[in-house]
Amino acid sequence: MKNFFPALFPVILVLLIIGAYHASNRDFATALRPCSIERGSTLSGQKILLVPLDSRPPCSDFVTKAAAIVGDDVVMPPSDIMDYYSKPSETEKIKSWANDNISSCDVAIISIDQILYGGLLASRELEKSSADIAGVVDFLTELHRKYPEKPLYIFTILPRFAPPDSIDTSSDRKNLMQYSRLVDKTEQSLNPDDEDIAKLNDLRQTIPPKILSRYESLFTFHEALTKHLIELAENGTVTQLVIGLDDGEKYGMPNRERRNLENYIGQAKNKSSVFMMHGADEIALSIVAEMEAKRSSYTPSIFIDYNDESTAARIMPYMATTNEANAVEKINFIYGVRVASRDDADFTLSISANDYESDTMNTRRANATRIKNLLDAGKSIALVDLAVHFREEETLLPLLIDEDAPIHRLAAYAGWNTASNSIGTALAEAVLFDIAKKRAATTNELIGASDKQLLFLDERFIEDCYYLKSTIDTINFSLRKEGYYDVNDLDLDHNTHWANDMLSKALKRRIDFLTSSRAYNMPMICTTPSGETLKFTVKNLKADAYFPWPRTFEIRLTTKHDLMTE
């Protein structure tokens, strides 16, 4: 017996270590129990008819999933009449669908680019006439006449800076972009540079007339279209018109069209029904947040925080304006009020924008520690995690995980594509969850809203950081290594199944790492309508992902999990 306890000691020590680990991660079966999300526990929201910008997930799925946080039910046209990559939608069938389904909905959000061209990509290629504009005006006018009680929110996107993809000669594309920059730059300058004027004249002679005319007509046609839409907003046919500014630069012809439209709006009697802001893919989601804020008489107080003093004035890739200007216009759109103190805010909009070629990388660790401390202290933070080169090492999420920050306490997380996309998505998610918590009359309603919030939050971690900043490069490299050089034109018969298999396996590895971290397993904390504190923990996260279009740029991601509470 004298050797029994020394022999048993290592076993006891291992059991104690395992027990301490599980206790620290709150995995005891007695400590956590499944949440009961009862039938009818979902918040009672609106039924929204959505004609999306296109069928990509950011324009459709993001809206559906985020709107569900407040109990909104979003209905969209059937997929068989929607656009598919370069194939436009069946626009007349889309309009017929909207006409047939609006009576059962409370409100409609309609993309003009969808009903006119058949989607955003088609709007960059197809040429339309004044008769087509008249057709859009007649459709909206008739819809309002038949259903005057149904609010109509419409949005249109200015043509982007880059030439249409069908202009594929590199010299023509380069010359067109230089021409576009110089047109805008010289028009904005009181004393244009002689060298710029000479170069502009030279480009007019160099660029083939047909190509130059086509590029310029994109803007002149869209300006004429938008002026008709402004008139519909002014006379009350539509409740609101949002004009989105797609991918741009500091100088470019989209800026000239924007200035012309701003002058036109300035002359309108009903200016409040027209709003112009940077972005495209996130606009429908921003409209949902705006509508719900108005419906709840909620004016969110928002403090803006940056990772570095240079970040506010920074112009990110594909943007024509600064992070500060982007944030302010989107806060204004959702009826938000910017406040000077974090303590006076409903939540903080934290914008991190890093660049591995600059000193901003040195701010990442301190910023992650600061956000962790704020989350630990119960502060609400909507994090916009931007990367200049779209690389994971520029993002903040990996350091938050390394710092054991309770990432499920974030009010929002976004880093999808451009700064305007990300800022708009993060603001919308944070506002919708705030509204849901205020509306929840029962514990079950709060649980239902929290469950949907956590699902959307996890999908943003997986897609915005892990996929778009890392996994996409691995998949593209593997495809090109095997001779598939054009990752924007996957062959459905040969490489799509392989690409989807690579995607599933790569994301599973990242999800396994994420869900095993202490940061992921720390609980979200909410207060019930009766004043009780609830702690929600996500377990058993499963994800299904595939490429919805024959390219690797975006994924369709669906997650499910078990929601546990103490």
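Let's start with L383, which is found in strand β11, residues 381-387. Strands here are DSSP runs of E, at least two residues long, and helices are runs of H or I, at least four, all numbered from the N terminus.

Keep in mind that this is a predicted model: local features need pLDDT of at least 70, side-chain atom pairs count only at pLDDT 80 or more, and totals for chains, interfaces and linings use all residues. Residues are numbered from 1 along each chain as its sequence is written, and side-chain values use heavy atoms, without hydrogens or water.

Is L383 buried or exposed? L383 is buried, at 0% relative accessible area. Buried means under 20%, exposed over 50%, partly exposed in between, with a 1.4 Å probe and protein chains only. Beyond four places in sequence, L383 touches residues including I371, L396, L400 and Y413. Contact means heavy atoms within 4.5 Å.

Now the sheet. Six strands form an open, parallel sheet, ordered β3-β2-β4-β5-β6-β7. Strands pair if DSSP finds at least two bridges between them. β3 (73-75) and β7 (274-278) stand at the edges with a single partner each, so one side of each lacks a neighbour in the sheet. On average, neighbouring strands are turned by 20° against each other, direction ignored.

Look at β5 and β6. Six bridges join these parallel strands. T156 has I243 in β6 as its bridge partner.

Next, the helices. Helix α10, residues 253-266, lies across β5, β6 and β7, at about 160° to β7. Helix α12, residues 323-333, touches β6 and β7, making about 150° with β7. Axes are lines fitted to C-alpha atoms, for helices over the stretch in contact; angles run from 0 to 180 degrees between N-to-C directions.
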